Amino acid sequence: MVENSKSKVAAGLLALLLGGLGVHKFYLGRIGAGIVHIILSITIIGIPVNWIICLIEAIIYFTKSDAEFHQAYVINRKSFF
């Protein structure tokens, strides 16, 4: 694995625990996506949508191999799903 690599477990846990605040996106260096999560978390309709998005993202992070996670979210800087 490459040095300064982001952990898929850390990203997944952040998505589950603090996903509504976009902490997992900030951790992955996706500032714009993190701001989208913050905006969603302050709207009534956005709260359940945001929670579902974070849950899905956490599952995706946990189920990818380390190499797939690194390629998709660190190298290619994928924002959502």
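Visitor: Where is the place of Arg77, and what makes Arg77 count as partly exposed?
Guide: Arg77 sits in the segment after H5, where helices (H or I, at least four residues) and strands (E, at least two) are DSSP runs numbered from the N terminus. This is a predicted model, in which local features need pLDDT of at least 70 and side-chain atom pairs count only at pLDDT 80 or more, while totals for chains, interfaces and linings use all residues. Residues are numbered from 1 along each chain as its sequence is written, and side-chain values use heavy atoms, with hydrogens and water left out. The relative accessibility of Arg77 is 39%; because buried means under 20%, exposed over 50% and partly exposed in between (1.4 Å probe, protein chains only), Arg77 counts as partly exposed. Although Arg77 is not a glycine, its phi is positive, at about 55 degrees.

Visitor: Why is Ile75 called partly exposed, and how far is Ile75 from Ser5 in space?
Guide: Ile75 belongs to helix H5, and its relative accessibility of 48% falls in the in-between range, so Ile75 counts as partly exposed. Ile75 and Ser5 are 70 residues apart in sequence, with 9.5 Å in space from C-alpha to C-alpha. For Gly20 and Ser5, the separation is 15 residues in sequence and 23 Å in space, again from C-alpha to C-alpha. Gly20 lies in the loop between H1 and H2, and its relative accessible area of 31% makes Gly20 partly exposed.

Visitor: How do you know that Asp66 forms a salt bridge with Lys8?
Guide: The closest N and O atoms of Asp66 and Lys8 are 3.9 Å apart, and a salt bridge is defined as a side-chain nitrogen of Lys or Arg within 4 Å of a carboxyl oxygen of Asp or Glu, so the pair meets the definition. Asp66 lies in helix H5 (residues 66-75) and Lys8 in helix H1, so the bridge ties together parts that are 58 residues apart in sequence. Asp66 counts as partly exposed at 43% relative accessibility, whereas Lys8, at 17%, counts as buried.

Visitor: What makes the contact of Glu57 and Lys25 a salt bridge, and how many salt bridges does a search of the whole structure find?
Guide: The side chains of Glu57 and Lys25 come to 2.9 Å, N to O, which is within the 4 Å limit, and therefore the pair counts as a salt bridge. Glu57 lies in helix H4 (residues 46-63) and Lys25 in helix H2 (residues 23-27), so parts that are 32 residues apart in sequence are tied together. Both Glu57 and Lys25 are buried. The search of the whole structure finds two salt bridges.

Visitor: What makes H1 and H4 parallel or antiparallel to each other?
Guide: The axes of H1 and H4 come within 8 Å and cross at roughly 165 degrees. Since angles over 145 degrees count as roughly antiparallel, under 35 as roughly parallel, 65 to 115 as roughly perpendicular and the rest as oblique, H1 is therefore roughly antiparallel to H4.

Visitor: Which residues make the nonpolar surface patch, and what makes Leu16 partly exposed?
Guide: Val9, Leu13, Leu16, Leu17, Leu18, Leu21 and Phe62 make a nonpolar surface patch of about 640 Å². Patches are made of residues with over 30% relative accessible area and no salt bridge, with like charges joined within 9 Å and nonpolar side chains (Val, Leu, Ile, Met, Phe, Trp, Tyr) within 5 Å. Leu16, in helix H1, has a relative accessible area of 41%, so Leu16 is partly exposed and its value is over the 30% required for a patch. Helix H1 (residues 8-18) gives the most to this patch, with five residues.

Visitor: How do you know whether Val49 is buried or partly exposed?
Guide: Val49, placed in helix H4, has a relative accessible area of 39%, so Val49 is partly exposed.

Key
Areas by Shrake-Rupley, 256 points an atom, 1.4 Å probe, with all protein chains shown as cover. Axes fitted to C-alpha atoms, helices over the stretch in contact; angles between N-to-C directions.
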